[in-house]
Amino acid sequence: MSTAKPTAGADKSAAESSEQYLTFMLAGEEYGVDILRVQEIKGWDKVTRIPHTPDYVLGVINLRGAVVPILDLRRRFGLETIAFGPTTVVIVVRVMSGRGERTVGMVVDAVSEVYNVDAADTKPPPDVCGTVDTVFVKALVTIEEKMLILLDIDRLIGNSIADELVPGAAVA
Amino acid sequence: MTIDLEMAEIAKVFFQESREGLDVMESGLLSLGATADRENINTIFRAAHSIKGGSATFGFAEVAGFTHGVETLLDEMRNGVRPVTAEAIQTLLQACDCLREMIAATEAEQPLDQVRIASLNGDIKHILGEANEAPAPARAAGDEAAGTHAASEPGGWRVRFEPVADLLRLRNEPTRMFAELRRLGTMVAHADTSRLPLLDALDPESCYVSWNIDITAQIPRGKLDEVFDWVDSGCRLEFTPTGGSAPVAAAPGAAAQPQAAAGDAWSAETKAVSPNETKTVALAEAKAAAPADADRSAPGGAPAQKASGDSGSIRVATEKVDNIINLVGELLITQSMLSSFADGIDPNDLDRLRQGLSQLARNTRELQESVMQIRMLPISFAFNRFPRIVHDLSRKLAKKVELKLSGEGTELDKTVLEKISDPLVHLVRNALDHGLETPERRVAAGKHETGTLELAAFHEGGNIIIEVRDDGAGLNKAKILQKARERALVAPDQDLTDEQIDNLIFMPGFSTAEQISDVSGRGVGMDVVRRNINDLGGHVQIASKEGLGSTIRIRLPLTLAILDGQLVRVGKEIYIISLLAIVETIQVARERVNTLVGHTEVFRLRDEYLPVVKLCDQFGVEPDSRSAEDGLLVVLEADGKRVGVLVDDLLAQQQVVIKSLESNFKSVAGIAGATILGDGTVALIIDAPGLISSAAKQGVGAVAAHAA
């Protein structure tokens, strides 16, 4: 697996204290998700729309027999929407939820790099953040003079799906 | 089929489940040694609770009584009252073994090992801190006997013990006697194996070994006689006092006395250390206790009959079957993909291709159906045990109950069925114990003295619904709320709707029963019920009217099911409607459509007015046309209500494999699930009852009520 910036420490310490993140672009910012959670990256394809869902749920696709929902992260974060272009990709991730593992696809502008991120280098997100709801941000980290936003995808996806149950569909 | 036969079938299930429960308890207890986590204790406790409940139901009072002690100990551990000590774990493990034997004996209709039960019960009570001054009877008797004889005695004895070959078949255990001798003083036994034949000539149930035993103890001859009392007809005995006296030959005694209970007690203890390897090793390792026990307690009689239910069926890992089902599902998709491809091929080859494809289609479908059938079982498997449960419980509680069952033929996935059985038992027990009132109270409340308990199963949309209805007292909302506040399940100032209060009973650790009984009331029931159902992807809800009764509604997804579907098109979207829900499809004539108060349209179908649900509005899709006469009206029926659903076009009818939307997403109102069409795209399956109720939310329902 190629890394853009090998950490200074030995392999052992790298394995212990650093994690690999896949980064992607979204409206000019670079976001990172834990690479172990990424199942695959695929091109944008037609989806089947689902009624009674928020606009950022674009629909579902058939991923080798499984019905997988596709979220538009631009819409999820309240960013300006753009037409999907040749670099537009769907990052399929596995997230943990109260009911077990879910597979969900996220539409992003483009995939970027894979970085090794040392846990010691990460900074907690500031309390106020302009565009992104900060609860979904696990940490910020500076790599090659760029800011990387590390996402807590369990929380992001869980919040995007489970917390918006259709009223009356379930009694907790 | 007679009642007895049916009961035997059901009891067999109980025995099977109990064994599984014991396995769970055992592994739980074993891992408890390392970490004493609450969840683990809970699991063990639930297993014990199920065994107790089941055994009580079938009238195995001894098993139930014994388990009750075990359960009480576990309950105290669970509540943190009792520390989890190694001693307690050991005792509980022994209790598991004992229970396993009890269940085996009960199943084989053999007498129970009372001594062992009493002794373990004593141990449990001891741990529980209750006075236990009564040790196992057999041991007590032995000790007493030891005290009575104190006559002249030499310094020791040499005993020559030559048993006859069928000593073991007469269910005597030499080691039992050795253990007894060891209690008298220092004992050294030398085995004489000169009679031992070669392996191929060896009969594993015969005893070929004789012993020379030296005992160093000042004991009277009578003590030794006592030890060998049970075997004296089945062996040659020679007693020589070591210390000068001449050998005394022991005359073979009269009749051997069968002392089954005591014999079993000792053999259980000495099994593992028996010197007779061939037989006892086999016994100790035999996991199924039943044949071994029967062997021992029925000398020369019929060997215990092996569990007869095994014939004609094989146990296959569910995983494997699931794999096949998935594969066949894929096959179906491939097949329809090929079918659509066939439409654009060279006409010359078309016929042959079509022929092959139709054959493939038929084979695939048959294969899929038969594979699916492996997993489907009628719910009567779960329902059949209830008449007896209700019968026994109502007698015990002195209540009059009429049980009504309906929809027993509804087929359910085997896994779902297995997992739903226990929760159903809990619900039925609860309904009888807490729901239905005594005849006096019922009469006082102006109801018929016989209460009604209904169990119903039916299909609704992509789900199976199981309802447990009683016409009892209903839930006491005030009491529930008070209890919930006491237990801090609800904040003191929190306002709850009636429905929310009712559903509080599904919270963990919630039980309003004043008295803990073996019927219900430990608070394991309802939260486990809900968890089990949620684990199945289902949903449970209770609706209750005080004084009128309660209805518990379990909604289970029809996982792994296929559906005969009608593909419909609205704009660019394709949806699937279950053929079961479709009454008819009609072309709409303009003059038959009227608009009620504002913009709700109704359609006159013969002498009935149907509300028109526009799928395009429901699902927010852009249709070809918004006016009713350009489209088709699909008349759906669910829950006794009919609506007309307006679609642009009807497409093919085909069987579709239901894929859950919930596994990766969530449930969506009006959608029962999804499927994958021949071209690989996903299509949504319409949930007819859900669609009707979500239409009702938008005001159409009021009209539906009018029209109906």
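Trainee: How are residues and chains labelled?
Mentor: Residues are numbered from 1 along each chain as its sequence is written, while chains are lettered from A and ligands numbered from 1 in the order in which they are written. In this predicted model, local features need pLDDT of at least 70, side-chain atom pairs count only at pLDDT 80 or more, and totals for chains, interfaces and linings use all residues.

Trainee: How many helices and strands does chain A have?
Mentor: Helices (H or I, at least four residues) and strands (E, at least two) are DSSP runs, numbered from the N terminus. From the N terminus on, chain A runs α-β-β-β-β-β-α-β-β-β-β-β-α. The count is 3 helices and 10 strands.

Trainee: What percentage of the residues of chain A count as buried?
Mentor: A residue is buried if 20 or more other C-beta atoms lie within 10 Å of its own, exposed if 12 or fewer, and partly exposed in between; C-beta atoms are placed from the backbone. Chain A has 172 residues, and the buried part is 31%.

Trainee: Which residue of β10(A) is the bridge partner of A:G32?
Mentor: Strand β2 (residues 29-34) of chain A pairs with strand β10 (residues 146-151) of chain A in the parallel sense, over 3 bridges. In β10(A), the partner of A:G32 is A:L150.

Trainee: Which residue in the turn between β4(A) and β5(A) has a positive phi?
Mentor: Strand β4 (residues 57-63) of chain A has 5 of its 7 residues buried. 6 bridges join β4(A) to the antiparallel strand β5 (residues 66-72) of chain A, and A:I61 has A:V68 as bridge partner. The two strands form a hairpin with 2 residues between them, and the one with a positive phi of about 45 degrees is A:R64.

Trainee: Which element gives the most to the side of chain A that touches chain B?
Mentor: Two residues are in contact if their C-beta atoms, placed from the backbone, lie within 7 Å. The contact takes 25 residues from chain A and 25 residues from chain B. On the chain A side, β4, β5 and β7 (100-108) each give two or more residues. The most, 4 residues, comes from β5(A).

Trainee: What is the handedness of the crossing of α4(B) and α5(B)?
Mentor: Helix α4 (residues 86-107) and helix α5 (residues 114-127) of chain B pack at about 150 degrees, with their axes 10 Å apart. They are therefore roughly antiparallel (angles under 35 degrees count as roughly parallel, over 145 as roughly antiparallel, 65 to 115 as roughly perpendicular and the rest as oblique). A crossing is left-handed if the near helix is turned anticlockwise from the far one by less than a right angle, and right-handed if clockwise. This crossing is left-handed.

Trainee: Why does B:A457 count as buried?
Mentor: B:A457 lies in strand β9 (residues 451-460) of chain B. Beyond neighbours within four places in sequence, its contacts are B:I379, B:G407, B:T410, B:I464 and B:I466. B:A457 counts as buried because its C-beta neighbours inside 10 Å number 25.

How values were computed
Pairing = 2+ DSSP bridges. Axes fitted to C-alpha atoms, helices over the stretch in contact; angles between N-to-C directions.
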